[in-house]
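Dear colleague,

I am handing over the structure below, and I would be glad if you looked through it with the notes that follow on charged side chains.

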Amino acid sequence: MAAVRATPASPFPGLSVADPDSGDQRAIPPELGPNSIAVLSGPTFLYSNAQGDVPPGSIGGLVHLDTRLLSGWTLTVNGSELLVLRSETIEHYSAQYTLTNPELPGLPPNSLGLRRLRYISDGLHERLELVSFQLEQARVELRLAVDADFADLFEVKSTVRDRSAEISRNHATDGSELCFSYRRGDFSAQTRVCCALPADRVEGDDLIWDLNLGPREVWKVDLHVPLPHGLGVVEPVRGDIADVFHGRADDPLRRWTEDRAVLRSDSMPLERTIRQSRDDLSSLRLDLEVKGQQIMLPGAGLPWFLTVFGRDTLITAYQTLVAGPALAKGALLALARLQGETCDDFTDEEPGKILHEVRSGELTRSGEKPYGPYYGSADATQLWLILLSEYWRWTGDDETVRQLRDNALAAVRWIDEYGDRDGDGYVEYATRSPEGLGNQCWRDSPDGVCFADGRIPVLPLATCDLQGYTYDAKMRLAELFDGPLDDPTLARRLRDQATTLYERFNQDFWIEERGGYYAVALDGDKNRVDSKTSNMGHLLWSGIVPPERADAVVRQLMSSEMFSGWGIRTLSREERPYNALGYHLGTVWPHDNSIAALGLARYGYRAESNRISLAMIEAAEQFGYRLPEALSGFDRERLLFAVPFPTACSPQAWAAGTPLALIRAMLGINPVDGRLVLDPDVPEELGRITAGRVRAFGQQWEVEAVGRSGHVRLQPS
């Protein structure tokens with residue numbers, strides 16, 4: 001009987017892995033409803049329903065550095081839930097919930113007005129304000145039910161282990177504080193709920209205020225749940241809640257945002273989308289200490305990915321270089337400091353490899369999960385080299401490039417010695433960890449790489465995007481060794497290797513049938529995995545497609561089978577496993593489309609690139625000018641409006657970076673020999689585009705374009 005072989009869906013056949021993290025996510029909703037609200041600051045967030053409540057057993061709660069500090073936070077009046085009048089975020093870190101009461105014994109409906117003001121900084125700050133519109137005294141029991149389960153974020157996504165026997169309570173008898181403590185082995189966590197106005201009673205884990213309110217009498221209480229000392233956002237907003245909400249408190253993130261490039265356009269949707277992207281990138285910014293150095297870089301996305309990633313962080317940093325180099329430099333330095341040094345099967349670490357993901361929750365710190373950090377990404381190393389090159393092209397920062405020379409050499413050694421597992425010249429992947437990811441390219445769901453008939457290929461896999469990135473990385477690194485790294489011999493060798501890869505790739509991955517296209521991968525038997533995917537857009541971006549084949553690739557990407565009207569689908573509708581709601585089987589990903597738009601522009605297909613850009617901007621307009629992580633692949637002409645992927649992260653870093661990459665594609669803006677060069681092709685629908693405070697080569701520039709004409713000029717600092 002033939003042995004069962006490893007596939008991305010089953011990397012270790014016959015091995016039972018408890019609760020594997022397959023990338024699946026619990027839906028948002030059901031438990032919190034379609035109007036759920038999140039407030040976040042760096043690695044801290046609170047998800048609630050529209051009332052501002054976190055019902056026990058839901059995915060909601062206060063999460064900091066992958067540990068849920070609050071799993072229940074429910075407010076009632078006289079034993080009843082409140083009714084929502086309107087709830088909205090104010091800034092990414094703050095929200096206001098306006099509520100009233102239903103009909104209750106002795107209390108007519110709408111006789112109370114209750115406002116919750118909430119913001120996240122050095123902890124959760126919340127103000128409860130209650131006003132009575134009764135003509136006589138109103139007796140009100142206001143109850144806040146609190147719970148803390150200290151679940152690891154990985155459990156929140158799936159099944160939470162019951163820690164109740166290990167959680168101790170030390171609540172203050174005077175009602176001024178609730179305190180929950182948890183310890184297991186070397187891991188410990190604590191949640192304190194501090195009341196500026198002590199509760200009249202504490203029942204179990206509930207704070208209760210017994211109120212007698214006169215007509216129009218206003219009552220309020222401030223609550224604070226502090227974060228652990230020494231961890232979190234370096235410069236949180238601080239101040240009285242009213243000052244924070246009215247913009248009177250100092251906000252370091254607002255200062256950071258205002259220092260970015262500014263875009264103006266005749267198109268209001270474009271301008272508002274860019275502004276929302278700027279705000280979202282600000283909200284996802286992580287100020288972290290990495291091996292003793294303070295570093296700023298973007299976290300990947302809310303709610304599951306507010307942490308350091310390799311692929312996501314690097315692509316976001318690349319997309320946003322047009323707005324300034326700070327995120328790119330932070331990403332390069334942080335990931336270099338955590339670059340692989342040894343071989344570790346459990347974490348998929350190898351010397352020179354750039355990490356995939358870092359976590360700090362209990363399951364990681366106890367060694368049950370391999371994320372401290374986890375290195376299961378076959379493309380982050382090449383993307384790090386690509387970003388290093390692009391950062392240098394935009395800044396001319398020879399010093400940082402020289403500082404990272406050894407990291408660059410280690411990265412290219414990883415590509416040749418570990419990435420190429422069998423010496424055939426291609427980078428392949430197969431996890432060595434029972435907890436590892438089966439797919440280690442950007443299509444990292446278990447079925448993200450499949451044959452046209454739906455079969456899952458055997459490992460190891462050499463996906464086409466990995467080869468394109470490797471080609472681009474070596475060409476770019478050769479440029480650096482001809483320049484600031486000053487090793488022309490190595491530069492020649494890298495170019496020779498890239499040229500060989502180019503030639504072999506175009507022989508081995510090209511499929512002549514069905515109009516001509518590139519296979520998504522070679523499987524473990526070197527068979528072409530023959531599905532048509534959006535990865536072909538990545539090949540244009542990397543430059544590995546010969547000019548004579550570009551027409552065929554573009555026709556495939558922009559065909560009705562692949563272009564939904566909102567963007568390029570991850571998988572063609574021609575293929576058997578196509579699913580408009582499949583994570584990588586037919587959805588439309590904004591970041592994926594931004595890479596394709598840049599690739600199309602690189603090969604001179606500006607009309608097709610603009611078609612993607614306009615579709616993305618129109619999609620953003622339907623979601624409050626914020627692109628979600630992914631859109632469903634339904635045809636635009638049938639549904640008339642865009643449909644989000646059910647569990648899309650929002651905000652999400654590389655979706656937030658997408659509009660900036662699209663601007664770059666439309667403006668044709670590139671750094672060349674210490675100056676910015678413009679080659680615009682701005683769609684008529686967008687009119688004039690003006691970008692100020694664009695940073696390049698240590699100076700500020702202003703860029704203006706309309707149609708195919710434009711100019712670049714230096715701005716005073």
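Arg 161 is partly exposed, with a relative accessible area of 27%, where buried means under 20% relative accessible area, exposed over 50% and partly exposed in between (1.4 Å probe, protein chains only). Its partner in a salt bridge is Glu 166, with 3.3 Å between the closest N and O atoms, and Glu 166 is likewise partly exposed at 31%. A salt bridge here is a side-chain nitrogen of Lys or Arg within 4 Å of a carboxyl oxygen of Asp or Glu, and by this rule the count comes to 57 salt bridges.

Please keep in mind that this is a predicted model, in which local features need pLDDT of at least 70 and side-chain atom pairs count only at pLDDT 80 or more, while totals for chains, interfaces and linings use all residues. Residues are numbered from 1 along each chain as its sequence is written, and side-chain values use heavy atoms, with hydrogens and water left out.

A second pair is formed by Glu 350 and Arg 432, whose side chains meet in a salt bridge at 2.8 Å, N to O. Glu 350 lies in the loop between helix H6 (326–337) and helix H7 (362–365), and Arg 432 in the loop between helix H10 (405–419) and strand S21 (462–463), so the pair ties together parts that are 82 residues apart in sequence; helices (H or I, at least four residues) and strands (E, at least two) are DSSP runs, numbered from the N terminus. Glu 350 is buried at 8% relative accessibility, whereas Arg 432 is partly exposed at 23%.

Best wishes
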